[in-house]
Amino acid sequence: MDPISLAIVAAVAAGLAKGAGDVGQSVIVDGYRQLKSLLARRFGGHSQVVQAVDAVESRPESAARRGVLTEEIANSGADRDPEIVDLAKDLLDRIQRDAAPGSSVQMAFGSYIAQADRHGHAEVNVNTPKAT
């Protein structure tokens, strides 16, 4: 996933598109709003790319909507705009830095994904016969 889509999805998944509860998150919310505003200025407030961002905001769990967002970012050329890319990368950095000390931010998209952190255990069993 390109850095712009990833930044938008990460911010929406963290609930930051709706607003911030504390000062640390308000910096990230501001970054998200700046990115969305820049997309609207570059491509129009009713452009396909801005509509795709809105669609992800309304249903962030939808893999299809995230896919459309990635597609519209590529179609619009946003992924080749240095200012947009830099703003998205900065937003991703802020999200990762804002994670509480000792915590981590993990994002995975797709099927059959297991994630574990700090001596944890995760596994995916697909069509595995039961032991008898």
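**Exercise 1. Find the link between Arg 42 and Glu 83, and say which parts of the chain it joins.**

Step 1. Name the contact. Arg 42 forms a salt bridge with Glu 83. A salt bridge here is a side-chain nitrogen of Lys or Arg within 4 Å of a carboxyl oxygen of Asp or Glu. The closest N and O atoms of this pair are 2.5 Å apart.

Step 2. Arg 42 lies in helix H2 and Glu 83 in helix H5 (residues 82-98), so the pair ties together parts that are 41 residues apart in sequence. Helices are DSSP runs (H or I, at least four residues), numbered from the N terminus.

Step 3. Arg 42 is partly exposed at 39% relative accessible area, and Glu 83 is partly exposed at 43%. The cut-offs: buried is under 20%, exposed is over 50%, and partly exposed lies in between (1.4 Å probe, protein chains only).

A note on the source: this is a predicted model, where local features need pLDDT of at least 70, side-chain atom pairs count only at pLDDT 80 or more, and totals for chains, interfaces and linings use all residues. Residues are numbered from 1 along each chain as its sequence is written, and side-chain values use heavy atoms, with hydrogens and water left out.

**Exercise 2. Describe the salt bridge between Asp 54 and Lys 36.**

Step 1. Get the distance. The side chains of Asp 54 and Lys 36 meet at 2.7 Å, N to O.

Step 2. Asp 54 is partly exposed, at 33%. Lys 36 is also partly exposed, at 22%.

**Exercise 3. Work out how Arg 94 and Asp 90 are placed in helix H5.**

Step 1. Their side chains form a salt bridge of 3.0 Å, N to O.

Step 2. The two residues are four apart in H5, about one helical turn. An α-helix has 3.6 residues a turn, so residues three or four places apart point the same way.

Step 3. Arg 94 is partly exposed at 21%, and Asp 90 is partly exposed at 29%.

Step 4. Now look for shared partners. Salt bridges join Lys 36, Asp 54 and Glu 57 into one network.

**Exercise 4. Locate Ser 62 and find what its side chain reaches.**

Step 1. Ser 62 lies in the loop between helix H3 (48-58) and helix H4 (63-76).

Step 2. Ser 62 is buried, with a relative accessible area of 10%.

Step 3. The Ser 62 side chain reaches the backbone nitrogen of Arg 65 at 3.1 Å.

Note on methods:
A polar contact is a pair of N or O atoms within 3.5 Å; within protein, one must be able to donate a hydrogen and the other to accept it, and residues adjacent in sequence count only if both atoms are side-chain atoms.
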